[in-house]
Amino acid sequence: MNITIETDDGTAPQTFDIQPEQTVQVLIERIDAAGQVDGHSLLEETLGVLPVAALTTPLGDRLQRLKHLKTHRVCVELHFETDTAKRWFPTRARWAAVHRWGCRQFQVAANTCAHLELRLATPDGPPVNEAQPIGQNAECVTAWLIKPGAEPNGR
Amino acid sequence: MVADALSQDLESEAFKHGAGQAFWALEERRGDVLYIRLMAPDGRSYLLRLTCDQYRTEPLLGQFVDPATRQPVTSAWPQGDQHLSGWLKWNPGELFVCWPGDRAGLAHHPEWRAQRQWDRPPNPLVNYLDFMRRCLWVPGNGYHRAAA
């Protein structure tokens, strides 16, 4: 079955041939490889939240709902320490998706990832609420994945 | 003059940014006392009472209070693992914020006073709220999120 992904900014639609018995993760990886938009976020726009356990399940009947996907997208340039990467996300994707991708992209261990936060523009820029949508932006949005300074406490 | 400084900081870009991001919302101001609602990533929210007398000179005093009675009770406090409990003391009879930017924290740890944690940018109010934001929103800080 073919899945077509179309964006509203003039880029050519992408088509993927995928079967119901293939997993959600396989589809995500193929969409990611095309570089058009973050696959996990795109599928969540249609299928709802996809926890880790759902990624290894076959697409099955869900494939029917994914036949033609149309999305608005926004570019995010993410910095982590000395590394930088760019990626497109659906404008309705939450900032948590950027955090998730960043940790994967920069090979951050899960326990370290849990101590990081996103800031806009600069490492000490304003914090981003990861439950909020990224939203539209004509320019590529710059964000930093940082580890907040340690806070003393009374332990 | 003290009230003016607090008013200025309530109008600061940093305070407005946090409100715009839905990290916090000012519910009420009564003189030097602010009631600020802090939003958590699991959809819950907590009402923080901030006593701001001697603003910019002394640290703020924060306590989570029951929204109806406005009294500090255990059930009004965000709770979590041992990491979070290092900062937030939610045991009955011992309800205080154990952090160098809080007045009660300094009462328990006078050695922290020299850090002048409350006197850091962008301003004492946002500095305090940003600490609470990190407690709630950075998963590694141990806040127990309610199941979705």
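Predicted model: local features only at pLDDT ≥ 70, side-chain atom pairs only at ≥ 80, totals over all residues.
Along its principal axes, the C-alpha trace of chain A spans about 55 × 35 × 25 Å. Local features need pLDDT of at least 70 and side-chain atom pairs count only at pLDDT 80 or more, while totals for chains, interfaces and linings use all residues. Residues are numbered from 1 along each chain as its sequence is written, with chains lettered from A in the order in which they are written.

Five helices and seven strands make up the secondary structure of chain A (DSSP runs, H or I of at least four residues for helices and E of at least two for strands, numbered from the N terminus). Their order from the N terminus is β-β-α-α-α-β-β-β-α-α-β-β.

Of the residues of chain A, 28% count as buried, that is, 20 or more other C-beta atoms, placed from the backbone, lie within 10 Å of their own. Helix H1 of chain A (residues 24–34) contributes Val24(A), Leu27(A) and Ile31(A) to this group. These buried residues line one face of the helix, because they fall within an arc of 65° seen down the axis of H1(A), the arc being that of the directions from the helix axis to the C-beta atoms. Their cover includes strands S1 (2–7) and S2 (14–17) and helices H2 (39–47) and H3 (52–55) of chain A. After H1(A) comes Gly35(A), with a positive phi near 75°.

Notes:
Buried ≥ 20, exposed ≤ 12 C-beta atoms within 10 Å, placed from the backbone. Contact = placed C-beta atoms within 7 Å.
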